[in-house]
Amino acid sequence: MKLKLLLCIVPLFLSCINEGRKLNTKDIILQGNREAPLGWVYLTIYEDSTFVFTLTGLRDVTPFPGKAKIQNDTIYFTYSDSIPKAGTVALLKPNYVS
């Protein structure tokens with residue numbers, strides 16, 4: 001009896017874990033990075049128009065989240081908090097973002 005109950009509960013529990021993982025993931029539509037003088041610069045734009053621009057250094061990691069709007073060959077960034085020196089506009093070129 002206990003074994004049957006356990007066999008019913010375990011698959012239910014595992015399916016709940018998998019559903020939770022699916023809810024926490026976003027589809028990425030653009031992702032890029034480049035080396036900086038003392039670290040790396042990362043940009044990730046998600047399907048829901050949110051983005052994270054991340055600067056890494058020797059001692060710290062600074063994320064700059066916000067909303068992105070892509071029009072033709074231009075990306076406009078609206079940051080949630082502070083604005084990094086990279087600015088609020090980027091140009092799209094084949095395999096390159098400037």
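Lysine 26 forms a salt bridge with aspartate 48, and the closest N and O atoms are 3.7 Å apart. A salt bridge here is a side-chain nitrogen of Lys or Arg within 4 Å of a carboxyl oxygen of Asp or Glu, and by this rule the count comes to one. Lysine 26 lies in the loop between helix 1 (2–23) and strand 1 (28–36), and aspartate 48 in the loop between strand 2 (39–46) and strand 3 (50–56), so the pair ties together parts that are 22 residues apart in sequence. Helices (H or I, at least four residues) and strands (E, at least two) are DSSP runs, numbered from the N terminus.

This is a predicted model, in which local features need pLDDT of at least 70, side-chain atom pairs count only at pLDDT 80 or more, and totals for chains, interfaces and linings use all residues. Residues are numbered from 1 along each chain as its sequence is written, and side-chain values use heavy atoms, with hydrogens and water left out.

Strand 3 and strand 4 (residues 61–71) run antiparallel and are joined by seven bridges; two strands pair if DSSP finds at least two bridges between them. A hairpin of four residues connects strand 3 to strand 4, and phenylalanine 53 stands opposite phenylalanine 64 in strand 4.

Strand 4 is also joined to strand 5 (residues 74–79), antiparallel, by six bridges. Alanine 68 has phenylalanine 77 in strand 5 as its bridge partner. Two residues lie between the strands in this hairpin, where asparagine 72 takes a positive phi near 55°.

Valine 89 belongs to strand 6 (residues 89–93). The C-alpha atoms of valine 89 and isoleucine 75 are 5.7 Å apart, with 14 residues' separation in sequence.
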